[in-house]
Amino acid sequence: MNYMVTVDQALHELQAQVQDVRDLLAHLRRGYPRPIPLENLRDARYEVMHSIPVVLEEDEEQYVATWYDADLFGYGDSEQEALDDLCESIVSLWEVLKRESAARGLGDALVKQWAFLQKVIRERVYRFALK
C-alpha cells in the first residue's frame, strides 16, 4: 500500500513539474524578457544621446520596462504603457536632480546618478531668430 502512495505522489509531482516547464516555454515563446533600445523619451524637451538599454518583461498582470543601469522602472497594462511610464520616470528623475543640484546640492549617490543621466540624456536647446 505504501508503494502505491509513493508512486502516486511521485507521479503528481512529475506532472506538476511538466506543467511548470510548459508554462515556462509558453512564456519564452512570447519573447520575454526582451531587450529594447529606447531611442527617445516621448518628450520633445529631451534628447537621448545614446540608446537606453531597456528590458521589457511580462508579469502575470502587467508589463514592466526596466532600465537597470539607472534603477528605473515603468509599469503598464501593455508594453507601450510600461515604456511610456518608464519614460515619465526618467524625465521626472532628470527634472528633480537638475532642480535639487542647482538649489542645494546632491548627496554623493545622487551626484553620480545625475552625472550618469547627463551622459545619456540632454535637454534640447531651441534657438529662435528674431526678425
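**Reading the fold**

Student: Let's start with Leu110: buried, partly exposed or exposed?
Tutor: Residues are numbered from 1 along each chain as its sequence is written. This is a predicted model, where local features need pLDDT of at least 70 and side-chain atom pairs count only at pLDDT 80 or more, while totals for chains, interfaces and linings use all residues, and side-chain values use heavy atoms, with hydrogens and water left out. Buried means under 20% relative accessible area, exposed over 50%, and partly exposed in between (1.4 Å probe, protein chains only). Leu110 has a relative accessible area of 38%, so the word for Leu110 is partly exposed.

Student: Which helix is Leu110 in?
Tutor: Helices here are DSSP runs of H or I with at least four residues, and strands are runs of E with at least two, numbered from the N terminus. By that count, Leu110 sits in helix α3.

Student: And how far is Leu110 from Leu97 in space, C-alpha to C-alpha?
Tutor: Along the sequence, Leu110 and Leu97 are 13 residues apart. Leu97 is one of the buried residues of α2. Going C-alpha to C-alpha, the gap between Leu110 and Leu97 is 7.5 Å.

Student: What span does α2 reach from its first C-alpha to its last?
Tutor: α2 covers residues 79-103, which makes 25 residues. The expected span is 1.5 Å times one less than the number of residues. For α2 that expectation is 36 Å, and the helix comes close to it, reaching 36 Å.

Student: Why does Glu100 count as buried?
Tutor: Glu100 lies in helix α2. Contact means heavy atoms within 4.5 Å, and, not counting residues up to four places away in sequence, Glu100 touches Gly105 and Leu106. Glu100 counts as buried because its relative accessibility is 18%.

Student: Last one: where is Phe73, and how exposed is Phe73?
Tutor: Phe73 is in strand β5, residues 72-76. Its relative accessible area is 31%, so Phe73 is partly exposed.
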